[in-house]
Amino acid sequence: MTAVSVSPASRITAISRLTALRVPPTVALAFAVILIVIAWSLAPSLFTSHDPASGVPADKLLSPSAAHWFGTDHLGRDLYTRVVYGTASSVTSALIAVVIAAVAGGLIGLLAGFLGGWVDIVLARLVDVLLAIPNFLLAVIVVTAIGFDTTNAAVATGVSAVAVFARVMRSEVIKTRQAVFVEASFLMGGSRWHILLRHVLPNASRSVLPLAVLQFGLSILVIASLAFLGYGDPPPASDWGLLISIGKDYLKWPWLVYAPAFVTIATVLSANRISRWLRKTD
Amino acid sequence: MAPQDRLTATFTRADRVAPTPLRSIPQLRVDGLSVSYGPHEVVTNVSFELGRGESLALIGESGSGKSTIARAVLRLLPSGGHATGRVAFDGQEVLGISERGFRPLRGRAIGFVPQDPANSLNPVRTIGAQAQEAAALLDEPDKAIRKQLILETFAQVGLDTPLRVYDSYPHQLSGGMLQRVLIGLAILPRPALLVADEPTSALDVTIQKRILDLLTRLQHDLKISLLLITHDLAIAAERADSLVVLKDGVIQEAGRTASVFSSPASAYAKKLRADVPALNPDRYAALRDTGFRSLKTGQAPKIEVSAVTKTFTVDGKALTAVDDLSFSVPAGTTHALVGESGSGKTTTVRLLLGLEGPDTGSISVAGEQITGRSPEALRTVWRHLQLVYQNPFTSLDPTWTIERLVREPLDRFKIGTRKERDERVREALANVGLGEHLLSRKPGALSGGQRQRVAIARSLVLKPDVIVLDEPTSALDVSVQAGIVEVLLSLQATLGLTYVFVSHDLALVRQLAHTVSVMHRGRIVEHGTVADIFDNPQQPYTRSLLASIPSGGNDVAHMRTRAFG
Amino acid sequence: GLSPARSAGAPPSGGDITFLIDSLGSTWIPNNSAISSFQGHIWGHVTDKLVYVDADGKVSPWIAESWEQNGEATQFTLRLKKGVTFSDGTPLDASAVVANLDIWHAGRRNEGINPIGLFPKTYDHAEAVDAATVKVVFKAPTLGFIPTLGYHGSILISPKTIAQPAAQQADLAKTSGSGPYVVASWKEGDFVKLVKRKDYNWGPAAVAHTGPAYLNSITYKLVTEPSLRVAAVQSGQADVAYSPSPQELKSLKEAGFTIATPRYLGFVNGLAINTKLEPYNDVKVRQALQAGINRKEIIDTVYTPDWKLATSFIQSNVPGATDHSELLAYNPGKAEKLLDEAGWIKGAGGIRTKDGKQLSLTLHSNPYLATAKSIDELIAQQLGKLGWKVTIRAYDVVTFGEKVRFGGPAVPAYEVTRSFIDAGTVASILTDANNGENWFNLGDSDKKLNELRDKIAGAASFGIRNPLLDQLQTYVLEQGYFIPRTQIVQRIYVQSPKLKGEVYNGIAYASYYTATIGE
Amino acid sequence: MRSAYLSYAAKRFAQAVVVILLAYVFTFVVVSILPGDPITNVLRDPQNGFSEDQIKEIIAAQGLDRPIPIQLWASLSNFMTGDLGLSMRSNRPVTTLIAEVLPSTLILASAAFAIALLLAATIAYGTQFLPKRFGQGLLRGFPSLFLSVPNFVIGLVLIHIFGFQLGFFRVIAPDSFWATFFAAVALGIPISARITEVLIANLDNESEQEYAAVARSRGLGQMRLFAKHLLKPSSLPVITVIALAIGELLGGSLITETVFGRTGIGSLVQRSVSTQDLPVLQAVVSLAAVVFVLVNLIADLVYPLLDPRVKLIGGRKVRPTTADESSTNLSQAVTP
Ligand SMILES: Nc1ncnc2c1ncn2[C@@H]1O[C@H](COP(=O)(O)OP(=O)(O)OP(=O)(O)O)[C@@H](O)[C@H]1O
Ligand SMILES: Nc1ncnc2c1ncn2[C@@H]1O[C@H](COP(=O)(O)OP(=O)(O)OP(=O)(O)O)[C@@H](O)[C@H]1O
Ligand SMILES: [Mg+2]
Ligand SMILES: [Mg+2]
């Protein structure tokens, strides 16, 4: 009873708070999706009572129902549970990829942009090489080199995105380095390092944030694609990409593909939307 | 045949839109206009009238809604903008009609001269191609004749080589030339109303005067009604028949120019008038007196620049930005560097600070040699010598808080204890008239004037002897400028600071400087005390600079003749 | 099995079929590719063998019309069919056979042409006695020689092709065999198109047809997705889909498609246990493993009734295989008891521990078997209930080959999927004597196993050998050295009902030499 | 101007050659870190029944036991003379392998690219003519959606709907017209998303420029404003995205070719990767680098000729930054 009387009011304040923050509704929805995904990855057991690794073999390949929201797979496991439990690995691996790309790329871009001269020339060629090899090809080659599992696929995905971050960072650093406030800090007695760390880095990083969010979504896709080609974790792992990849062998039971694909698409779409919004509001 | 005759001979007035206008109907009538961007109303209930062949100026500080009104009238509001009220052109309501219904008026009846010439022409199309669009409004089927008309118009607006202009891309022309092109394109179809949104704010003072003269002449010759938008009261007073003064989207005062100007009724208009340097040359006379005294006592110069030359290589060609430059500044006084754009003012400033090394010559500040020092050695000089940049929007790191920004020099030079530094930060901010509540804000949350004060506070916090100010107010409104000038002068009076003040605004220089160097193409063509230069200019270049100060009508002319000092 | 169920009268000639396959292997150098389980389909049509081995392991004449061996099984004489030619016109005579035997034995290593690995290493030489007689000499008794000639590695290639350098041999179109089909065109990783040889007239008597093939052409087309292969056959876009997902078989059968699940001769699918590794050095733990796997559930969940329960560690169709089902019965109670006895006590989370160590098992899923992961997952579930902590590792083919070996230090159980022609070779694989693979990492420590091995190798007749084989099977299963999972059906075919008359040989390859297609 | 252009071209060309050689070395190094090699692996297949000694002998006979730098040097010098070597996997000349599959990939990639351009132009230019509130929002949502769907999912869906349900094409004849068309759609969709994003960003940016308002004040309607003013400046920067799109086409073909069962560079890479077929991988990477670098080079060399604002100063291209740089950069990020 109290819940009924309270909820409309709290919803109104929530909405007005959102409008005060000028968050468009689609962005709010995107945040909600990402929040659910984060919650799934932190505490999957709160969202499902089934076991992701073992099922009832007799209940294999059931279609979606109230008992099994996404149906069951070829070993009788609840697909929704597998999607929920697979989230942590999918999200973590995408994060690993983003961190690798952002840190390595950011560092390369920072040094190239700030130091200039031959450092810039050498790093620029390195980045050119990384750019010249199609990203996905690069990821495939790297993952072969370091072995097939989801973490390695994440590392490979990260490596393949280093060049993008390096380029964006470099151009931002060069832009910032020429900013008047950098010279102003120099006149205030700031050393090179002080300027690099306190002025150039924070300013140049601002455009890296939306890129990182975007890259997060893309990494999920790339890692899923690698899993699709068979470069993922062994069973009973249930990363989204693996689930789709397993599902494609059972196309007669299409939910095995569509359910994890839908979750993947919703997550990536949300990340894209947030990235776009961050870019606009920056 | 004079170009003007040619013009009138080939054109007839475009009266297609309103064939038999009634004399009593004004050309433009704005009634209860309100404009909002999303939820924010930026123009509220604005009404005014502009008669045929007359001129009306909309004035007000930045953000007061001038451009918004112009765009609402032209129906060119950006996405998100929404206008309500009535706008009648020639008695015909135009705000509510369909785009299809309004489009015939565009260009033919209502011309538009935009604010920023550099961005107002498509960069990837030739001027000629874009001019043909304006010419298409003439109902002249023959393309060759249309081109002829365009070239004649270009000549008419003072472009010397119309054919070259016709074939050029925008980036190949200077700002002044582009502005003339834009004016030419606007008047080519002979509109009844010309809306000019700050048509000269992006231009040099000398060019500014030529453009304004051109507009005034066209208005008279072609009987065009002119809606002029400007933030410069002096220009408005000089050029418009009537004035509308805006603040925060609300009309503060309106009426015939002479009456508004000579006896402003609203407090805002009064203050605006008082803040215009050209109208109040002696506003800070008292504050400047200490400086004049030390000038007379012939103190040892704080700054000595002797025979400095700086040459840049651009595109393989040598460009002498500063040529055999010498001047000295006595302690406790303000020395102004004035000159048109590109005359070498900023280069001089950078040489002075050691940010650039001169090719020849020497510079010393407070007895210390600047030239030939390493960056490390320069740091010790910068403790006493600070710079305030032209644009407060770019000179403060947007990711830092105000407190951190102002404390940065103290931290870098390791001055005092933590507590002492906090103390000095507060003191510096108080000196420039900023409260402690701003400490935790970031520059983005401050107005332009506040930011420039922060920049000044940052230089002051080190307690330097000399502050170099490179056009510190050119990005700001007159009223904000007045506040900053006042801060600067009172600091000088109390702390005995020495200023080098760079500006292209001679009226401002006259208000605050003690000595002046006039620069032209890297050279000092004339220098002396303010009185010498302003009352008795020797060089034709100086005279032309002085002549282009907008005077606000005759009113100011006699003020200028009054002696001072 | 063998099923040329054809109505009387001349079968209709003509027609073209498309066979969808999941891989076309790597190189086409005959020696290097002959044992590829995919390329074998093509070689089986393009080339002939000296002898024919049917689905029950029975050896019968083919290009070799008859053969003799000496008492020690060290010397063999093969008498060849006359009038056989390779598609490049070269006669398939004694010298051609000698050239083939030599290259099977030695390869040309510096060129990258490998020997045939399973060809008896005891081979000494061969000589052409006359145009139709070949004498083959071995350094030691080699009872398995004749069956080996029917093994899919032993394909007869024109001496002209053999003489070509490796890069030429790698071009399938330049290879000539004597089979009922020749390669019309091919594209790497895409397709191989075979057309029939009109003058073919030397088919194996065992398939009851010796003249030219009926079908005009067979196109092997690579489609990597199993569901696509099946869907294409279902929609009539192709005639045979190889390796469908077992889950789909039931509905396909109901829809009237022919499902063929021929078993090959060889080991069942199962785990060879590394007896040097804790805790599998304890026979009780191994026996618990043997009893703790529910083999029926594997077939019900992952497979279909087309799969047979394992009855031994070799397939039940291998001559000499005996039924040991009672040793392989699912008995969780017994398993738990054995584990308790061995000191593995159930602790927190249901996992058994002993001396602070968890009872763990790492399974490396066989990358060659599509269902391997599913089975491993199921076994992990089953053993999990008994208190085992099962980890699954899945490597790609390359890494698997690199890291996973019999008796490897991190490999407690090696998954076996392996065919052989003659059960006599089994025993010698199990230990490390004579380059044996030492499956259970026993070395020569198990006296009983060594004894059986030597007796089996020395057996000069099947009458002596078969009881020994039975003893061997009992012993290996009782000791829990080998944990069978299911009888393996490595090759599954889904076939359009219009296509009839194909024959499966002892290695479960489908031959369409005798097949016809209706309307 | 002419000499400035030539020196710019020369400099860019030299850079391109360096990048291609580095890409070759890079692949060698990465693939060489791998434990083991394909040959040993094939030999180790238990079905083969080789002993370790036999395996060592075979490896030595092929010179694969030499130190890595020596092998690299040998391979690099062969590469520079145009000899790409033999595939380790199939023992056939790498040039033959590539020549066999290249046409199929070229057809697929060009079809995908054409579809991507068409789709992008339709969506982006469509936004100019639809009412702001309804249609435009819908159109603007497309690039995001296109970028969020894994392209193998697009492929699977297309195959199932058009291949099986509607019977547009035979799934086992992937080179037929419709099969190629739908494969190209699957491959082109993510790429069209990038181009659309850049186009829309540029269009928005250009139509907010003062010159657009000024042109409108001259009485231009939306149609003529778009055609005469916005089209060219907003489409020009797409040239620079195209080079990146080419890389993505190659990367994406890996998956599309797998899904549609096509034989092409992508499936060749897949086969070579799983067997660590170094010579083929190196050749494909170098080929990709050559294509990427060439397309970039052409784009860079053509741009100054198309955009009057671009100036070449001291062998460097200087362009006034018009479109939102960061947004273009962002949209150049990876897709699978
Ligand atoms: N496109 C827009 N969206 C939202 N707000 C806007 C937009 N354009 C202008 N504004 C706001 O409307 C107000 C009036 O702006 P306007 O440009 O009309 O001022 P102005 O008087 O022309 O100033 P200036 O002298 O700087 O040109 C300002 O507060 C400005 O921030
Ligand atoms: N770093 C540089 N490299 C090349 N040329 C330069 C450089 N700095 C200035 N110049 C040139 O030197 C001349 C003087 O420039 P400077 O900036 O000193 O003029 P200014 O008087 O400050 O002009 P404004 O009023 O526009 O600020 C100009 O022609 C300018 O283009
Ligand atoms: Mg304005
Ligand atoms: Mg300047």
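Author: In this predicted model, chain B places 24 residues in the contact with chain A, and chain A contributes 17 residues. Between chain B and chain A an area of about 1800 Å² is buried, and carbon and sulfur atoms account for 60% of that area.

As for charged pairs, one salt bridge is found across the interface of chain B and chain A. In this salt bridge E183(A) is joined to R350(B), with 2.8 Å between the closest N and O atoms. Counting polar contacts between chain B and chain A gives 12 residue pairs, with both residues at pLDDT 80 or more.

On the side of chain B that touches chain A, at least two residues come from each of helix 13 (345-353), helix 14 (375-382), strand 16 (385-388), helix 15 (402-413) and helix 17 (448-460) of chain B. Helix 15 of chain B provides the largest share of that side, five residues. By class, the residues with which chain B touches chain A comprise 11 nonpolar, six polar and seven charged.

The contact between chain A and chain D may be set beside this one. There, 49 residues of chain A meet 50 residues of chain D, and about 4300 Å² is buried between the two chains, 78% of it on carbon and sulfur atoms. The count of salt bridges between chain A and chain D is one; E197(D) and R276(A) form a salt bridge through their side chains, at 2.6 Å from N to O. Five residue pairs are in polar contact between chain A and chain D, again with both residues at pLDDT 80 or more. The side of chain A that touches chain D holds 34 nonpolar, eight polar and seven charged residues.

Conventions:
Residues numbered from 1 in each chain as written. Chains lettered and ligands numbered in written order. Predicted model: local features only at pLDDT ≥ 70, side-chain atom pairs only at ≥ 80, totals over all residues. Heavy atoms only, no water. Contact = heavy atoms within 4.5 Å. Buried area = accessible area lost by both parts, 1.4 Å probe. Salt bridge = Lys/Arg side-chain N within 4 Å of Asp/Glu carboxyl O. Polar contact = N/O pair within 3.5 Å; in protein donor to acceptor, adjacent residues only side chain to side chain. Helix = DSSP H or I, 4+ residues; strand = E, 2+ residues; numbered from the N terminus. Nonpolar A, V, L, I, M, F, W, Y, C, P; charged D, E, K, R; others polar.
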